[in-house]
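Here are a few notes from my read-through, for you to follow with the model open beside you.

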Amino acid sequence: SIQGDDSVPARYTIMSSGAGNIIQLEEGWNNVIKKGQAIDVLEKTLDDGFDTCFEPKEYIRIYTTCYDMCTQRSPYNWSRDLYTRHGETIEQYLRNTVLPALQNKTGQGGTILLQELKHRWTNHQIMNKWLKKFFTYLDRYYVKHHSLPTLEQAGLQHFKAEIYMNSKENSTSAIISLIDEEREGEIIEKSLVKSIVELYESMGMGSLDAYTNDLEQPLLEGTRSFYGRKREDWIAKDSTPDYMIKAERALGEEKARVTDYLNPATEPKLRRVVEDEILQKVQTNLLEKEGSGCTVLLANDKTDDLKRMFQLFSRLDDGLQPMADIVQKFITSQGEACVEKRESRLKNEKDKNDDPEFVKSLIDLHEKYLGVIRETFASHHLFQKALKNSFEEIVNHDVGQYSNADLMSTFCDRILKSGGEKLSDTEVEQKLDQIVKLFSFLNDKDVFAEIYRNQLAKRLLNQRSASNDAEKAMIAKLKLQCGTQFTSKMEGMLNDLAVGAEQKSEFDQRMEQLDTKLGFGVQVLSNGNWPSYQAPVVQLPPQMSKCMEVFQEWHDKKHQKRRLTWVHSLGNASVKATYGKKTYDLQVTTLQAVVLNAFNDNKSYGFNELKQKLNVDDKTLKPIMHSLSCGKHKVIEKSPKSNKIQSTDKFSPNPKFSSNMRKIRIPVATLEQSHNKNRVEEDRGVAIEACIVRIMKARKTLAHQQLIAEVLSQLAFFKPQPRVIKKKIEALIDREYLERSQDNSQQYNYLA
């Protein structure tokens, strides 16, 4: 007896018929298995459309008969014959019953054919299941020992050979027709399609070959044809945004289609076909379409449409590059429009280094499209590069006498100096962040640094800085952008003032011990940190000279190795002036104070007399006299009256001077340049030569073009022309740092 068969209820024990009762092949087959018994009942039940069910006793009797016929000793072991007849039974049923039924449905519509195929496939699975149960012993021993297909596999093979191979073309066409109907908006029976797809998958016998070759490939071809027609229709009638909405919907529907009833492996292939047909083949047309292309969407701030365009073209290989190129071209055009507005203003206005309207327009433009790149284009590197390239072109397009580096530095000066822009601390921080972003695109960062350092010095020395914290914050931002080397001198300037504040309190104690009758303070600056200033010689009043001598003595005791150079052009003074019965507090420079002191005797002086008395040159004296006699507050009277200072002019205190203000600031034209261009060029030359030597020392031998490229890549603060680098290479060859290779004139060798 055999117990524990998975196909047999556990409560039954199967008994053999015994050695004396031999079952002949035809007897067992006809009386028990075939005629009127298991197989006939199974076929009839399936044909009648009823659920097939064998009672346990009936099933056990059939199973036992098969078992006995397979376990009898040779020559009465009928395993091979039963295996053969199992296959023949399925073949005959499929050929005589199923195939004609399917052929009768052909031509009656795809749905009817697929429904019949689904019905017959379901029946076949039932038949296969029961026959496998009846002949389980064959699977266990005979099939295994003879390496034959299992009964289940054999059943599938027969279905494939008899039914599938004869109906696959019609069923594939029917499936594709239903899918096309669904694409057109019709409602189809998705479960039916899913069942037939499972049939195709089963016909692969463990692989997807049948599904791929017989359904997927024709489906992809049909999809290409379908969307090819749709593409031509949409592109002719729809705007770019409308087309993209349809394309997005189509791609979403195709993905859902795979989820609903196709094999997941089809999804990437189907997606590529649809993307190729409705996106790749019309990409240029969509991007450049008149009245609705990418440029128009950017101009009208169509964020949703641009985001959809980005998401769709990101599906394609290199699909975003053409779009990024358009974005770059558009942003550049917007920036050029700002430059053209400045150019137009300069035709009607005098050029100056203060143009906040222009700088603000560039800041607003950058902030706007930085947001677009971040929000609409997901900060994609191609669009970040497009923004960078655009602003490098815009920011380095100088118009007028003053460079954009000058304008940007002066904009910072407006923000950071007292009396400039009226902003809160938060707004100052925001503006500084924005201007540093613009600064990052400048090629001439060294020019900006030179101008900024000069303006910083003026703010610090004239006590015009609105906030020391804001000054430190700006320098920190520049340091983060360009490194310590870029801001070391600026940090040194702030440090000088911090140290000077400590020294001032100590020196004030010393001054209290002396009766100088003059409030006197000194700011000591490190020569290497600050811009170069003129130190005009002037004959100071005795009171000032006395104070200077006291400080010189005190300083020399503390710092014996330091040498002081007095720069009177940077000093300032508060002068008490009495005109009639009114007293004024004049806020002037040290040189202006010296000149005013000369008129304390209430005498008149000619220009040359005054120059001789004060021991100053024309270049220094003329702007001072202009500020005192030709400005808004004419505290000195000039004769003859004019707006220019001549060497023949005479000057005297103005007895008619009067003002409603008690505290009056009298500005004077600066004696210093905003920045020294020659010094910038000299510094650049040194930086280029140092870079060349550094590279050649590391590489020893290098070709000309490679050396040029490496120098350009390493110079962070400016971008010299290749011809300038070439001149520096020649200079280094003359000074024997480098030599040309004897074998190749376009190659250089480093000389230790």
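1. Glu277 sits in helix α11, which spans residues 266–278; helices here are DSSP runs (H or I) of at least four residues, strands are E runs of at least two, and both are numbered from the N terminus. Glu277 is buried at 2% relative accessible area, where buried means under 20%, exposed over 50% and partly exposed in between (1.4 Å probe, protein chains only). Leaving out residues up to four places away in sequence, Glu277 touches Arg224, Tyr227, Gly228 and Arg231, a contact being heavy atoms within 4.5 Å.

2. A word on the source: this is a predicted model, with local features needing pLDDT of at least 70 and side-chain atom pairs pLDDT 80 or more, while totals for chains, interfaces and linings use all residues. Residues are numbered from 1 along each chain as its sequence is written, and side-chain values use heavy atoms, without hydrogens or water.

3. Now the hairpin. Strands β1 (residues 572–579) and β2 (residues 582–589) run antiparallel, joined by eight bridges; pairing takes at least two DSSP bridges. Tyr579 stands opposite Lys582 in β2. Two residues separate the strands, and Gly580 in the turn has a positive phi of about 65°.

4. In a regular strand, side chains alternate between the two faces of the sheet. The covered face of β1 holds Ala573, Val575, Ala577 and Tyr579, and its uncovered face Asn572, Ser574, Lys576 and Thr578.
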